[in-house]
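User: Could you take a close look at the pockets in this model for me, and at what surrounds them? I would enjoy one connected walk-through.

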Amino acid sequence: MNHPPAETTVTTGTLRVADATLHYEIRGEGPLVALVGAPMDATFFAPLADLLATDHTVLTTDPRGLNRSVQDDPERDSTPQLRADDLALLLEHVDRGPATVFGSSGGAVTALALAVAHPERVRAVIAHEPPLNHVLDDPAARDAAVEDIIATYASGDVGGAWVKFLVNANIPLSPDGESGEEPTEQDPQRVADERFWFLHELRETTRWRPDVAALRDGPVRVVIGVGQDSAGQFCDLTSAALATALGTEPTVFPGGHIAFVEDPEGFAPRLREVLDGS
């Protein structure tokens, strides 16, 4: 069940929306599951999508402004509302019925915004570690930290921005105090996506304020996911706070913030349990 066939057929397409052209991919047959990130694009979800495609239709997509999803105005900010509208149009376009949406990080915020704005398009939302400043007790300080991260990046200090980001996220730095990888030659698309995320996505995503009443009382099943290895990190705190506001408990997944990338075969069985309502 957890191993894909030797060849997984992937159908790629584009959808024109009012101000952007969205790239998406479809795999498999069965109940519709959408895997969404922000800033992660479809490539990061491909191994997990292959595993789920044995008995699900799996939709993945590049969020607007990233990789193959191109905005008419490349400097327009990407808000959760815009991304939710995009996802609703994609779900309508693929026409496989309401979806269960697994969203990671900024994609979890997209999924929550979708449940509020377009509940007819979604059966359930699994919001894995949404980074939401305004579910915590110190949102002004958190917002200020994000502004400092963005300003540091805009000044040209990319490494310093990453260090500040990791410190704010309560993610340990490498032993030398650096942010980790610093490749000698960076892929131009990676550089462009990094710039877009810092300058046009990070602020709007972390400042989004969930409509707790709509999420709690609406027709969409909402699951707040957290990684078992994320204890004490920013997204562990935000996930716990949001789950408490919704009157639920966080649903624990193996690994940390990006476990579905680092170990998709270890992550998929737990995701299947949650998709089945277990």
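Analyst: The largest pocket is lined by 44 residues, and those nearest its centre are Pro-39, Met-40, Trp-162, Phe-165 and Trp-197. Its volume is about 1300 Å³. A pocket here is an open set of points on a 1 Å grid over the protein atoms alone, with protein on both sides within 12 Å along at least five of seven lines, and lining residues have an atom within 4 Å of a point. Points are joined across faces, edges and corners, and a volume is the space filled by probe spheres set on them. Please keep in mind that this is a predicted model: local features need pLDDT of at least 70, side-chain atom pairs count only at pLDDT 80 or more, and totals for chains, interfaces and linings use all residues. Residues are numbered from 1 along each chain as its sequence is written, and side-chain values use heavy atoms, with hydrogens and water left out.

Several helices contribute to the largest pocket. The elements giving two or more residues to its lining are H1, H4 (139–154), H5 (158–168), H6 (188–206), H8 (234–246) and H9 (259–262); helices (H or I, at least four residues) and strands (E, at least two) are DSSP runs, numbered from the N terminus. H6 gives the most, with nine residues. By class, the lining holds 21 nonpolar, 15 polar and eight charged residues, where Ala, Val, Leu, Ile, Met, Phe, Trp, Tyr, Cys and Pro count as nonpolar, Asp, Glu, Lys and Arg as charged, and the others, Gly among them, as polar.

Let's turn to H4, one of the helices at the largest pocket. H4 has 16 residues and reaches 22 Å from its first C-alpha to its last, close to the 22 Å expected at 1.5 Å a residue; the expected span is 1.5 Å times one less than the number of residues. Its buried residues are Arg-142, Asp-143, Val-146, Ile-149, Ile-150, Thr-152 and Tyr-153, buried meaning under 20% relative accessible area with a 1.4 Å probe, protein chains only. These buried residues pack against H5, H6 and H8, with contact meaning heavy atoms within 4.5 Å. After H4 comes Gly-156, whose phi is positive, near 105 degrees.

One cavity of 30 Å³ or more is counted, a cavity being a set of points where a 1.4 Å probe fits but cannot get out. The largest cavity has a volume of about 110 Å³. Helix H2 (residues 80–94) gives the most to its lining, with four residues, and by class the lining has five nonpolar, three polar and four charged residues. Thr-110 is one of the lining residues and is also among the buried residues of H3. Because 10 of its 12 residues are buried, H3 is largely enclosed by the rest of the structure.

How values were computed:
Buried < 20%, exposed > 50% of the residue type's maximum accessible area, 1.4 Å probe, protein only.
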